[in-house]
Each structure stands twice: as C-alpha cells, then as structure tokens.
Amino acid sequence: MDYNTLLQILDTAVRFATPLLFACLAGLYSERSGVFDIGLEGKMLIAAMCAGAVAALSGSAWLGLLAGIGGALVFALIHGVTSITFRGNQLISGVALNFLASGLTVLVAQRLFQQGGRTPPISGEARFNPITLPFAEEARQIPLIGPFYAEVISGHAILVYLAFASVALTWWALYRTRFGLRLRAVGENPAAVDTAGISVTRLRFTALLITGVLCGLAGAYMATALQAGFGKEMTAGRGYIALAALIFAKWRPIAAMWACLLFGFFQALALRPDVVEWMVRVKVPVPFLDALPYMLTVFVLAGFVGKAIPPRAGGEPYVKER
Amino acid sequence: MDRLPKWADIVLVPFLSLVLAAAVSAVVILAIGQDPWEALTVMVEGSLMSAYGWGYTLYYTTSFIFTGLAVTVAFHAGLFNIGGEGQAQMGGLGVALCCLFIPWPHWSLALLGAALGGAAFGAAWIAIPAWLQAKRGSHIVITTIMFNYIASSLLIYMLVDVLRPKGEQDPATARFPSVTNLPKLNELPGLDLLFTQEVRANVTLFIALAAAVAVWALLWRTRLGYAIRAFGKSQPAAKYAGIDATRITMIALLLSGALAGLMAVNNVMGEAEKLVGNSASGAGFIGIAVALMGRNHPIGVVLAALLFGFLFQGGAELGLWTKIPIEMRIVVQGLVILFTGALDMMVRMMLTRIFGLFRNPARAQGAA
C-alpha cells in the first residue's frame with residue numbers, strides 16, 4: 001500500500017466519521033443530562049429525510065439543513081415529553097422513535113416524490129459541496145504533510161469542519177461553562193441540582209434540544225453531503241455506532257472524536273478489503289470489519305480496558321420530592 | 001395518585017393505548033392523502049376474512065409469540081433484552097445446521113432437534129451479554145444491541161463464505177432435505193377442513209402456544225419463577241432473601257435468548273426451508289411491542305402476537321392493494337411501543353383522572 005492509498009482511506013474515514021461525530025456528541029449531551037437516548041438512529045434518519053426532501057424541493061442545501069434540524073428537534077421533543085414529563089422508560093421511548101422514524105420517512109418520501117421512498121438525486125446548490133481550503137494546491141509540493149493537507153484535511157463539505165468545531169465547542173461548554181457544570185451534575189445527581197434551585201426538567205430539555213440539533217446536522221450531512229439525496233434506511237445503524245463510540249469514549253468529547261475517527265476508519269477499510277489483506281497478510285472477511293466497532297464496544301463495556309461508567313442518574317426519571 | 005382498579009389496569013390501559021396508537025395511525029394515513037377506513041378494510045379483508053389470510057396471520061403470530069415471550073421473561077427479571085433480533089438470527093443458524101447436517105428419519109424428530117438447536121444458539125448468543133450484565137454490570141441493553149449487529153455480520157459471513165453451496169449467487173444455505181419440511185396447518189388432520197389451500201402457518205404454532213403455557217407455569221408456579229419475579233421487583237430484597245443475583249440474571253436471560261432462538265423453527269425451518277440473510281426480518285424487535293402490549297403475561301403476549309400478526313399481514317396487503325407503503329406497519333409498531341411502553345404513565349394519569357371524576361366528583365373538582 002502506498003502513501004496515496006492511505007490518504008484516500010483517511011479521507012474516506014473523515015467523511016464517514018462526520019455523521020458519527022455529530023450523533024455521538026448529540027448522545028453525549030442527552031446522556032450527560034441523565035437521559036438515555038437510543039433514538040439517535042431515528043433522529044438522524046428523520047433529519048436525513050427532511051433535509052433531502054427540502055433540499056430537493058427548494059434547491060438549497062441550507063434550507064434542507066434547517067428542515068433536518070427541525071425534524072430531529074420534533075423527535076427530540078417527543079423523547080423529552082415521554083421520558084422527562086411523563087417519566088416513561090427512556091429506552092423504550094428510544095426504540096419506539098426509531099421505528100416511527102424508519103416507517104415515517106418512507107411514507108413521507110413516497111408521498112412527496114413517488115420514487116419508492118427515496119428523494120430524487122440532488123446536485124449543485126442543493127448539496128453541500130466540497131470546499132478547498134486555502135493553499136491546498138500549493139501545499140501539495142511539501143513532502144508528506146502537503147498531500148495530507150490537500151487530500152485529508154482539505155476538500156470536505158463545510159459540515160465536516162463544523163463537526164470538528166462542535167467537538168471543541170462541546171468540550172468548552174461541558175468543562176468551562178456554568179451550563180456544562182450543571183449538565184454534568186444533573187446526570188450524576190439531579191436531586192443536588194434541584195436543591196441548588198436549578199430546574200432539572202429545564203436542564204434536561206435543553207440538553208435534549210441540543211441533541212436534536214446535532215442529530216439534525218448528522219442526518220442532513222448524510223443526505224445532502226455524504227450522499228446525494230435520502231434513501232430508505234440510509235443511516236444503516238450509524239446511530240448505534242455513534243452510541244458505541246460514546247461509550248467507547250466514556251462520555252467525553254475529545255475522546256468521542258477519536259472514537260468516531262477510529263470507527264469511521266473501520267468503515268472506510270471495509271470498502272477496501274484488498275488493503276486490509278495487504279496489511280495483516282491474511283484474508284479478513286468484510287463482515288468482520290463491519291462488526292469491529294461493536295465488538296470493541298463490548299470489550300470496553302466489559303471493563304477489560306478501563307471501565308466505562310455511565311452518568312449515574314442515566315435512565316432514571318427524576319421525581320421531585322414533595 | 002389514586003390507584004386504578006385491577007381490571008382497568010389489565011384491560012383498559014392497553015386498550016386505551018391501542019386506541020391512541022390507532023388514532024395517530026389514522027392521522028398519519030390521512031396526512032399522506034389516503035383513506036384510513038379503506039386501509040382498515042383492506043387489512044381486515046386480507047388477514048382475517050379468509051382461511052388463506054389467517055394462514056399468514058397465524059404464521060406471523062407464531063414468530064411474535066416466541067419473541068414476545070423472550071422479552072417477557074427478561075422483563076420479569078427486571079432486564080430489557082433488546083437483542084431478540086440477533087438471537088433469532090443465530091437461532092436460525094442453529095436450526096439450519098441441525099437440518100442440513102443431521103440425517104433425520106422423520107420431520108417430528110427433526111423438529112425436536114432443530115428446536116433444541118435454535119434454542120441453544122439463541123441462548124448462546126445472549127450468554128456473553130448475560131454474563132457481562134451479571135458479573136461486570138455492563139448494561140444489557142447496550143450489549144445486546146451490539147450483539148444484534150455482530151450477529152448480522154457473522155451471519156453474512158457464514159452465508160457468503162461458509163454455507164453457500166458452490167455456484168450459487170444468493171447468500172443462502174442449500175435447501176433443507178425434504179424430510180425436515182414441517183407440515184403446514186392445511187396438512188394436519190382436522191385443520192385441513194378449515195384450511196383448504198396451502199398456507200404459511202405450520203405446526204410450530206403449537207410449539208409457540210406450548211411455550212406460552214410453559215413460561216406461565218415457570219413464572220407463576222415454580223420456585224425459580226418466583227425468584228425471577230422477586231429479583232425483577234427488587235434486587236436488594238431478592239438478595240436479602242438469599243436469591244443469587246448472578247444465577248437469576250443468567251437463567252432469565254438464557255431462557256429469553258432460547259425463546260428468541262426458537263422462533264427460527266417457524267420462519268427458517270417451517271417457511272423458508274433454507275437460511276437466508278436477515279431471516280428474522282424484525283420479528284425480534286416486534287417482540288418488544290408484543291410484550292409491552294401483552295402486559296408481560298403469556299396470555300397477553302399470545303393475544304398481542306395475534307394483533308401484530310394481523311398488523312403485519314394487513315400491512316403487507318396495504319402495500320399490495322393501496323397506495324399506502326408497507327412501511328405503515330412499522331409506524332403502527334412504533335406507535336404501539338410509544339403508547340403502551342413509554343407513555344404508559346400518561347395513559348394511566350388520564351384514566352385515573354376519569355375514574356376520580358366518577359368516584360368523587362367534588363374532590364376531583366377541588367383537585368383541578
């Protein structure tokens with residue numbers, strides 16, 4: 001394998017890591033606030049459909065993005081009403097929303113476009129197109145770093161850079177702001193937060209809304225940047241990989257970025273079995289690569305490589321004492 | 001909050017949840033410009049108005065009884081097995097290996113062997129998540145989700161690289177020997193009078209019903225069942241009473257996996273007669289809806305499985321005869337899970353308020 005092949009794979013890895021990263025950060029806000037969210041998949045899917053449909057109809061990727069965020073927000077709010085207001089089972093609510101999204105997206109897309117539950121292929125302004133960073137071409141001359149900059153760092157849709165910016169922003173919000181402190185506290189000990197006079201309900205709803213926005217970005221990226229339009233079940237389990245990455249990263253933003261890049265790298269490798277075979281000198285079945293993120297997550301969950309301890313109040317509805 | 005009378009809890013809560021789910025479904029159908037009444041008519045016509053339709057409905061029901069019971073057993077131990085799908089797929093592998101590589105003299109013996117194989121593979125597939133839950137405290141929901149994906153990868157590998165006969169294109173095993181083919185309901189004496197043409201439902205239906213009885217007997221008539229339920233109600237109390245947490249967690253989850261694996265007898269051996277990719281086709285997840293709807297009681301599970309059998313067959317008819325896509329049934333499934341599972345409290349609060357009105361109008365007014 002030469003350097004160019006490696007760069008190609010890394011480039012693909014970055015593109016595949018982006019939706020995982022948005023969804024993973026989305027899960028981070030929700031779970032840090034003490035609300036389990038296995039509905040990331042569904043929120044991504046509904047966002048992908050809304051974004052793809054509106055982009056196709058309006059011809060604007062940005063309007064599509066707004067629609068995607070809107071769709072994911074509606075689902076986030078339903079999750080909030082069931083699990084915060086009505087203190088329902090958060091896991092079951094997530095499962096239900098995933099099914100709703102899976103069915104509704106096809107119903108709506110079929111109603112709008114009559115193309116078997118897809119949106120028509122979109123192009124031009126309706127998509128987020130790659131942007132070339134400054135000096136990418138000039139930098140190519142520099143050995144090693146130059147091509148890396150031109151191939152891997154430069155030439156992505158704007159949402160890719162936004163995803164990585166969100167990591168920094170999340171880190172800052174989580175560890176350097178009052179909101180972040182409260183968010184972390186409400187996921188560990190909501191009663192203490194309540195005693196301090198801060199509304200648990202409000203904090204958790206805020207967290208879920210951020211989750212919705214980020215899932216919206218993830219879905220919009222899927223439909224209007226990574227691919228050209230929405231297709232049935234197009235998220236293909238990415239919401240669950242993001243969940244796995246979140247656990248793998250032990251609910252920390254910077255680690256989440258590395259986990260998503262790693263899982264994105266696995267996905268990129270699964271497209272190039274020849275490279276994998278060259279690397280390990282034996283034929284590796286592609287399904288094994290597909291399953292690798294899940295297996296690694298089980299290992300981490302088992303606590304063999306550092307224990308993954310979720311936020312303590314996760315999954316429990318908060319009941320104010322009277 | 002006032003308590004609801006027991007009959008309201010058992011009958012009225014699921015009924016009201018169902019009505020809410022149906023109402024929202026009707027709104028969805030209206031929103032995509034179709035007629036809900038027509039949809040319902042097509043569904044009933046296609047699934048309940050002919051022996052042929054019933055054959056399909058009962059075939060789906062059989063699968064859903066198994067997966068519903070699987071979720072039920074785990075629920076009673078306070079555990080949420082969301083991995084029924086993966087366990088059912090692995091059960092399919094077990095059933096396929098039994099049917100392909102053991103020379104059975106008669107279908108009844110093959111049925112017995114394949115049932116054991118399916119159950120064993122299903123249980124094996126939950127063994128690691130179960131052990132991790134019992135010993136290391138890893139959350140069963142997350143690990144079983146992960147194992148669903150690992151199962152589907154493993155199955156693709158087995159079907160493409162190992163079990164696929166030479167020269168075949170499709171990722172599937174060879175057809176099972178004809179001696180392992182299970183009799184359909186129309187081939188059984190007595191029932192052949194009802195089902196005059198070949199139907200999909202097969203003898204596995206009776207195994208499913210027997211499994212429901214067995215689960216009931218286990219949970220409410222044995223010491224082990226008592227331990228499982230006690231553990232599910234309160235882990236500290238169960239531990240104090242000398243119930244071994246590891247043992248109960250393992251047993252409940254292995255049973256749950258075995259029940260999900262048993263499902264494969266119905267779809268893989270009874271219907272497809274070979275193992276194909278994605279054989280469980282979502283039945284593992286429907287088990288969650290079935291268990292919630294059936295209030296985690298075997299009788300409820302059988303009734304809810306019948307309802308979902310109707311929904312599934314009716315949904316397929318919708319896809320065939322109307323402009324409503326077949327995916328409508330996934331929407332209904334999601335709504336049923338939402339209302340019976342997650343919004344349970346809302347339904348209860350509504351009912352309690354209504355009951356309060358009847359019981360003591362003055363106090364209810366004061367409260368409002």
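The paragraphs below lead through a predicted model of a complex, from its confidence values to the contact of its chains and then to the packing of selected helices.

This is a predicted model, in which local features need a pLDDT of at least 70, side-chain atom pairs count only at pLDDT 80 or more, and totals for chains, interfaces and linings use all residues. Residues are numbered from 1 along each chain as its sequence is written, while chains are lettered from A and ligands numbered from 1 in the order in which they are written.

The predictor assigns the complex an ipTM of 0.90 and a pTM of 0.90. In terms of pLDDT, the predictor's confidence in each residue on a scale from 0 to 100, chain A averages 90, with 98% of the residues scoring at least 70, and chain B averages 90, with 97% of the residues scoring at least 70. Helices are DSSP runs of H or I with at least four residues, numbered from the N terminus. In chain A the lowest confidence falls in helix α5 (residues 136–139), at a mean of 80, and the highest in α7(A), at 96. Among the elements of chain B, helix α15 (residues 361–367) has the lowest mean pLDDT, 51, whereas helix α7 (residues 204–221) of chain B has the highest, 96.

The contact between the chains draws 37 residues from chain A and 37 residues from chain B, where two residues are in contact if their C-beta atoms, placed from the backbone, lie within 7 Å. On the side of chain A that touches chain B, α3 (61–85), α4 (90–113), α11 (238–248) and α14 (286–301) of chain A each supply at least two residues, and α4(A) gives the most, with 14 residues. By class, this side of chain A has 22 nonpolar, 12 polar and 3 charged residues; here Ala, Val, Leu, Ile, Met, Phe, Trp, Tyr, Cys and Pro count as nonpolar, Asp, Glu, Lys and Arg as charged, and the others, Gly among them, as polar.

Within chain A, α11(A) also packs against helix α12 (residues 253–270) of chain A, at an angle of about 135° and with the axes 8 Å apart. Axes are lines fitted to C-alpha atoms, for helices over the stretch in contact, and angles run from 0 to 180 degrees between N-to-C directions. The two helices α11(A) and α12(A) are therefore oblique to each other, given that angles under 35 degrees count as roughly parallel, over 145 as roughly antiparallel, 65 to 115 as roughly perpendicular and the rest as oblique. Their crossing is right-handed, a crossing being left-handed if the near helix is turned anticlockwise from the far one by less than a right angle, and right-handed if clockwise. Here A:I241, A:A245, A:L246 and A:F248 in α11(A) meet A:A256, A:A259, A:C260 and A:F263 in α12(A), and this contact has 8 nonpolar, no polar and no charged residues.

Elsewhere in chain A, the axes of α1(A) and α7(A) come within 9 Å and cross at roughly 35°, in a left-handed crossing. The residues of this contact divide into 9 nonpolar, 3 polar and 1 charged. Both helices also take part in the surroundings of helix α8 (residues 178–188) of chain A, whose buried residues pack against α1 (3–32), α7 (158–176), α9 (190–195) and α10 (200–226) of chain A. Those buried residues are A:R182, A:L183, A:A185, A:V186 and A:G187, a residue being buried if 20 or more other C-beta atoms lie within 10 Å of its own, exposed if 12 or fewer, and partly exposed in between, with C-beta atoms placed from the backbone.

In chain B, helix α11 (residues 283–293) is mostly covered, with 11 of its 11 residues buried, and α11(B) is followed by B:R295, whose phi is positive, near 55°. Helix α3 (residues 51–76) of chain B packs with α11(B) at an angle of about 60°, their axes 7 Å apart, and the crossing is right-handed. By class, the contact of α3(B) with α11(B) has 9 nonpolar, 6 polar and no charged residues. One of the α3(B) residues in that contact is B:S63, and B:N267 touches B:S63, B:A272 and B:S279, not counting residues up to four places away in sequence.

B:N267 itself lies in helix α10 (residues 245–272) of chain B and is buried, with 27 other C-beta atoms within 10 Å. B:A23, in helix α1 (residues 6–31) of chain B, is partly exposed, with 13 other C-beta atoms within 10 Å.
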